[in-house]
Amino acid sequence: MIELKSAQQIELMRAAGKIVAETHKLVKEEAKPGVSTLKLDKLAEEYIRSQGATPSFKNYNGYPATLCISIDHQVVHGIPSKKRLIEEGQLVSIDVGAKKDGYHGDAARSFYIGEPDEKTKKLLRVTEEALSLGIEQAVTGNFLGDISFAIQKHAEDNGFSVVRDLVGHGIGKKLHEEPQVPNYGNPKTGVKLNEGMTIAIEPMVNEGGWTIRLLEDEWTVVTADGSRSAHFENTIAITKNGAEILTKI
Ligand code: MF3
Ligand code: CO
């Protein structure tokens with residue numbers, strides 16, 4: 001069942017979303033060559049707790065960290081480590097969730113360490129645009145498939161592929177609620193969108209093919225062909241005035 005949220009509940013989710021957005025800002029500023037991904041994780045956790053919130057991912061199904069940091073051909077769920085350093089030339093995707101007063105916010109951002117070349121710029125731009133185009137479709141009266149289709153079309157029209165085995169999701173009191181939000185699909189299919197729905201839309205876009213593989217750590221997801229992948233995610237609320245992005249400052 002899809003849990004619709006009241007205006008008061010959305011207000012709480014806005015607060016959680018703001019903490020998530022601020023965490024992204026902080027972590028991106030510190031993501032410089034030589035810093036370990038574990039250091040970034042610690043920074044994020046400290047900040048989230050300082051705001052009276054808790055990291056949503058930590059201990060979720062046994063996940064050991066606050067952030068997911070996925071580099072280059074890693075798609076999602078890269079585990080921060082003391083041994084993994086940020087380096088010039090990396091395509092870094094960071095995913096973070098925070099729970100405040102009972103409600104979660106969840107967002108991901110990708111960026112390049114250094115000066116990106118045209119190919120890298122395009123991957124980042126197209127993935128972020130795909131997310132925006134999906135969000136534009138998140139209005140009352142549309143269908144879930146309208147979001148999915150807009151994302152898939154934009155990625156594929158630009159020569160990229162969307163990961164199909166991982167999806168976005170409803171979000172609220174739980175990190176993952178119904179419905180699942182695939183990044184591919186057909187217009188006018190799936191559930192009808194309604195005021196009060198809160199969802200995390202999260203396209204994962206690959207330079208090569210869409211198939212993925214799980215590493216031996218049983219978390220890190222990588223592209224099967226070794227091509228790079230970008231990930232952008234926002235938590236949004238469907239309101240009578242259209243989609244509102246909750247994971248912004
Ligand atoms: N944004 C991802 C998601 O919504 C992050 C989950 S990581 C996990 O699924 F560790 F919490 F699973
Ligand atoms: Co998510």
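The model is predicted, so to speak of local features takes a pLDDT of at least 70, and side-chain atom pairs count only at pLDDT 80 or more, while totals for chains, interfaces and linings use all residues. Residues are numbered from 1 along each chain as its sequence is written, chains are lettered from A and ligands numbered from 1 in the order in which they are written, and side-chain values use heavy atoms, with hydrogens and water left out.

- D106 in strand 5 (residues 103-112) and H169 in strand 7 (residues 168-170) are 63 residues apart, and the pair links distant parts of the chain.
- Helices (H or I, at least four residues) and strands (E, at least two) are DSSP runs, numbered from the N terminus.
- D106 and H169 are both buried; buried means under 20% relative accessible area, exposed over 50%, and partly exposed in between (1.4 Å probe, protein chains only).

**Around ligand 1**

- Ligand 1 is surrounded by 13 residues, and the closest are D95, D106, H169, H176 and E233; to be near, a residue needs a heavy atom within 4 Å.
- An N or O atom in the side chain of H176 sits 2.8 Å from an oxygen atom of ligand 1.
- E202 has a polar side-chain atom 3.2 Å from an oxygen atom of ligand 1, and E233 has one 3.1 Å from a nitrogen atom of ligand 1.
- On its own, ligand 1 exposes 330 Å², and the protein buries 94% of that; the areas come from the Shrake-Rupley method with a 1.4 Å probe, and for residues only the protein chains shown count as cover.

- How far apart are the end C-alpha atoms of helix 3 (residues 118-136)? They are 26 Å apart, which agrees with the 27 Å that its 19 residues should span at 1.5 Å a residue.
- That expected span is 1.5 Å times one less than the number of residues.
- Buried residues of helix 3 include T120, L123, L124, V126, T127, A130, L131, G134 and I135.
- An α-helix has 3.6 residues a turn, so residues three or four places apart point the same way.
- R228 is in the loop between strand 12 (221-223) and strand 13 (229-231), and R228 is buried because its relative accessible area is 17%.
- The side chains of R228 and T120 make a polar contact at 3.0 Å; the term covers a pair of N or O atoms within 3.5 Å, and within protein one must be able to donate a hydrogen and the other to accept it, with residues adjacent in sequence counting only if both atoms are side-chain atoms.

- E178 and P179 are joined by a cis peptide bond, with omega about 0°, and P179 belongs to strand 8 (residues 177-181).
- N59 is not a glycine, yet its phi is positive, near 70°; N59 sits in the loop between strand 1 (54-55) and strand 2 (67-71) and counts as exposed because its relative accessible area is 63%.
- H77 also isn't a glycine and has a positive phi of about 65°; H77 lies in the loop between strand 3 (74-76) and strand 4 (91-100), and is partly exposed at 25% relative accessible area.

- G172, in the loop between strand 7 and strand 8, is buried at 0% relative accessible area.
- G172 and Y103 are 69 residues apart in sequence, but their C-alpha atoms are 5.2 Å apart.
- H154 in helix 4 (residues 144-157) is buried at 18% relative accessible area, and its C-alpha atom is 8.1 Å from that of L133, 21 residues away along the chain.
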